[in-house]
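Please read the numbered points with the sequence and the model in view.

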Amino acid sequence: MAQMIRPMVAGNWKMNGSRASLDELALMSTGFTPALRQKLDIMICPPATLVLAASQRAVGIGIAIGGQDCHANDAGAHTGDLSAGMLFDAGATAVIVGHSERRADHGESDATVGAKAEAARRNALIAIVCVGETRADREAGKTLAVVRRQLKGSIPDHMTSRDLVVAYEPVWAIGTGLTPTAADVADVHAMIRQDLRRIVGKEEAEKVRILYGGSVKPSNAKELMLVPNVNGALVGGASLKALDLLGIVAAYA
Ligand code: PEP
């Protein structure tokens, strides 16, 4: 049985936002009441240009800041890339790796994602490892097989619940307004928990947060967050505005 796991609602701003957008952090903090703070964590992952400023703005307001990607190496000739250590240096406490948009736009393999997760761990960041099937995978009945392959290939076996969060994000649900049924989410999350027992060991697997992502919004958050083995959400579009994000966080009120 999974232990009581402190949920996390993480916002992925993707390639959106300017310094002015950071005002949303203060608004989020205002609605993140003491009662809610006792129950869950909020994290915002802005574009790389904003990580340092966001971390500075987030000091003392109860919101953690993460990156959206990192390189697998710690330094070197990788023009345009960012290392996990640089994100840490800028105040991030986590980094998303293997988001489906990175896997698709940049051809990232499971091995690449696994190396990035390892770089995150090495640099004291939580790796938020994303997995999820495409519409074609789902229609071919391959959802569980695809997610299992991604988990096995993308999560180094020595990771622990302190440095690993898994996000199940069906690719066809991202930014489309579509979501799987609660029963489908339950099946995949139960399978993820089961596979984590094999990958990181039984004890740690019970404590790893497994987030659901894909068109989470205030109107569907409660139903999705109540699904067994769903320990929070990874939110794209609805994390850009404090009111929307707080509407999702309210699922835990
Ligand atoms: C995402 O890209 O991680 C995501 C979940 O996006 P959205 O919430 O917009 O579907």
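1. The model is predicted. In strand β8 (residues 232-235), Gly232 and Leu234 point one way, whereas Ala233 and Val235 point the other way. Every one of these residues is buried, that is, under 20% relative accessible area. In a regular strand, side chains alternate between the two faces of the sheet.

2. Which strands are joined to β8? Strand β1 (residues 8-12) runs parallel to β8, and four bridges join the two. Within this pairing, glycine 11 has valine 235 of β8 as its bridge partner. Strand β7 (residues 209-213) also pairs with β8 in the parallel sense, over two bridges. Here the bridge partner of tyrosine 212 is alanine 233 in β8. Valine 235 and alanine 233, the two partners named, point the same way from β8.

3. Which residues of α11 are buried? They are Asn220, Ala221, Leu224 and Met225. These residues lie on the same side of α11, because they cover an arc of only 130° around the axis. Ser219 and Glu223 are exposed and sit on the face of α11 turned away from its buried side.

4. A further point concerns phenylalanine 88, which is found in helix α4 (residues 84-89). Is this residue buried, partly exposed or exposed? Its relative accessibility is 46%, so phenylalanine 88 counts as partly exposed; the class lies between the cut-offs of under 20% for buried and over 50% for exposed. Between phenylalanine 88 and valine 235 there are 147 residues in sequence and 22 Å in space, taken from C-alpha to C-alpha.

5. What is the make-up of the lining of the largest pocket by class? Nine of the residues are nonpolar, seven are polar and six are charged. Helix α5 (residues 100-105) supplies the largest share of this lining, with three residues.

Note on methods: Residues are numbered from 1 along each chain as its sequence is written. This is a predicted model: local features need pLDDT of at least 70, side-chain atom pairs count only at pLDDT 80 or more; totals for chains, interfaces and linings use all residues. Side-chain values use heavy atoms; hydrogens and water are left out. Ala, Val, Leu, Ile, Met, Phe, Trp, Tyr, Cys and Pro count as nonpolar, Asp, Glu, Lys and Arg as charged, and the others, Gly among them, as polar. Buried means under 20% relative accessible area, exposed over 50%, partly exposed in between (1.4 Å probe, protein chains only). Two strands pair if DSSP finds at least two bridges between them. The arc is that of the directions from the helix axis to the C-beta atoms.
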